[in-house]
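Here are my notes on this one, in the order I'd go through them with the model open. Have a look and see whether you read it the way I do.

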Amino acid sequence: MNISLLYGNSGIHDPELDNYVESLEKGLEQSHAVSSFMLHDMNIKSCMGCWDCWIKTPGQCIIKDDAQQVLKSIVRSDFTLFVSPLIAGFVSYHIKMITDRFVGMVLPYITFIQGECHHLKRYDSYPGLGVLLKEEPDTDNEDITIVQNIYKRLVINFHSELLLFNTIDNTTIEKVVHEISNI
Amino acid sequence: MKLAIFNGSPRRKKSNSKILTEQFLRGYTEIPGNEYSVNYLMAANMQDMARIYQEADTIIIIFPLYTDCMPGIVKMFFEEINSLSDSSSKNIGFIVQSGFPEAIHSTFVEKYLEKFTRRMSGNYLGTVIKGGIEGIQEVPPGRNKKLFNAFFKLGYDFAKTGAFNEQVIQKLRKPYKLSVWLRAIIYVFYLFGATNFYWNKMLKQNKAYNDRYAQPYLVD
């Protein structure tokens, strides 16, 4: 399976999470092709809301930065995993910035899914999504539910499924690797 | 009241968020004695934005729904102000606008915004949700009269009471979900090509219509 791993490490150095991601990567590489992206170290700009990816250069974001390689990887992957510390109760802004750039992966045209407006597919298939979070000191169940519900919405728009959602505090690397291998 | 409005749209001064803010301020400035500032988060120095946040007693953050929650630049701002020590004397409200017509899309980030304000020990003023905002700059101004009047009233009442008018919020929040009838009507429009007209017109103007289904990220 082709896996894209997007690590939204924040500016605050977190050796525990860095080491976790490194070990997870090694564990996944035993059986899968893994492309890892350390988002904090990459040049990824904010979406500009220009819509060129919908109406001028369909499917292609015009911003020439490191996001291009991430988007290519995701579209070709079978499974895309976001790993992020929770900061102020949500994934890091690095994860959010790259997610905003996913918009060109769908068409501007609207369809109804579950009775709601959503965007039509551009590609024939989309990778399953996974989210692994590291809790903050004040994280509670409400925070986890809020984030999970937002990701459940995201997968509707991206014609995908949320196949994994957990915190690193709640599971082990071995269990995560096993869960992903059974996808 | 010292109000700081933060516009979190990546389109900055060309944004629909700016237009809604202008209508809000049209009402807000009818009542004398209150201050306000409008601050754009896109390409801003976040420390400067945090300073403005700290100096205000009332905050409104307005942004378009981006992939089911806030744009990345708004999250960046949240992370910056999250590290500040004292928001307990601040009143914080939000306006979330989206292209999709239904309010339901924005109710998930709404839960985050309420929790975020609580986390900051701020006083949560609520979240105004308004769908169907895409295209408001492309229609004759008369078509937006009802919308603009609603935001005028929101701003006017906000200046008087320091709160969002709940009746206006409930009106703006419709439709929450599309009724079966509304979906049927939209489907009929779709069959006549009307729902895609907006996008196809721009694609044709850009000579990109033939490439509208392109899959560039599969091509090396």
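Predicted model: local features only at pLDDT ≥ 70, side-chain atom pairs only at ≥ 80, totals over all residues.

**Notes on the A/B interface and chain A**

1. Between chain B and chain A, the rule picks up nine salt bridges, along with 32 residue pairs in polar contact where both residues are at pLDDT 80 or more.

2. Which elements of chain B face chain A? Helices α3 (72–82), α4 (107–119), α7 (180–191) and α8 (194–205) of chain B each put at least two residues into the side that touches chain A. The most comes from α4(B), which gives eight residues. Sorted by class, that side of chain B holds 29 nonpolar, eight polar and 15 charged residues.

3. Now for the extent of the interface. General background: interface size is often quoted as the accessible area lost when the parts come together. Here the area buried between chain B and chain A is about 5000 Å², and carbon and sulfur atoms account for 61% of that. The contact draws on 52 residues from chain B and 56 residues from chain A.

4. A network of salt bridges links A:E136, A:D138, A:D140, A:E142 and A:D143 with B:E114, B:K115, B:R118 and B:R119. Buried or exposed, for B:K115? B:K115 counts as buried because its relative accessible area is 7%, under the 20% cut-off. A:D143 is buried too, at 2%.

5. Compare that with B:D220 and A:R76, whose side chains also form a salt bridge, N to O at 3.0 Å. This pair likewise crosses between chains: B:D220 sits in the segment after α8 of chain B, while A:R76 belongs to helix α3 (residues 67–76) of chain A. B:D220 has a relative accessible area of 80%, so it is classed as exposed. A:R76 comes out as partly exposed, with 30% relative accessibility.

6. Within chain B, B:E79 pairs with B:K75, and their closest N and O atoms are 2.7 Å apart. The two residues share helix α3 of chain B, four residues apart, or about one turn of the helix. B:E79 counts as buried at 15% relative accessibility, and B:K75 is buried at 0%. Over all chains, a search of the whole structure gives 22 salt bridges.

7. Finally, chain A as a fold. It has six helices and seven strands, and along the sequence they come in the pattern β-α-β-α-α-β-α-β-β-β-α-β-α. Does its radius of gyration agree or disagree with a compact globule? It agrees, because a compact globule with 183 residues would be near 16 Å and chain A has 16 Å. The C-alpha trace of chain A spans about 45 × 35 × 35 Å along its principal axes. Of its 183 residues, 62% count as buried. As for contacts in chain A between residues at least 6 apart in sequence, 74% join residues at least 24 apart.

Technical notes: Residues numbered from 1 in each chain as written. Chains lettered and ligands numbered in written order. Heavy atoms only, no water. Contact = heavy atoms within 4.5 Å. Buried area = accessible area lost by both parts, 1.4 Å probe. Salt bridge = Lys/Arg side-chain N within 4 Å of Asp/Glu carboxyl O. Polar contact = N/O pair within 3.5 Å; in protein donor to acceptor, adjacent residues only side chain to side chain. Nonpolar A, V, L, I, M, F, W, Y, C, P; charged D, E, K, R; others polar. Rg over C-alpha atoms; globule rule 2.2 N^0.38 Å. Buried < 20%, exposed > 50% of the residue type's maximum accessible area, 1.4 Å probe, protein only.
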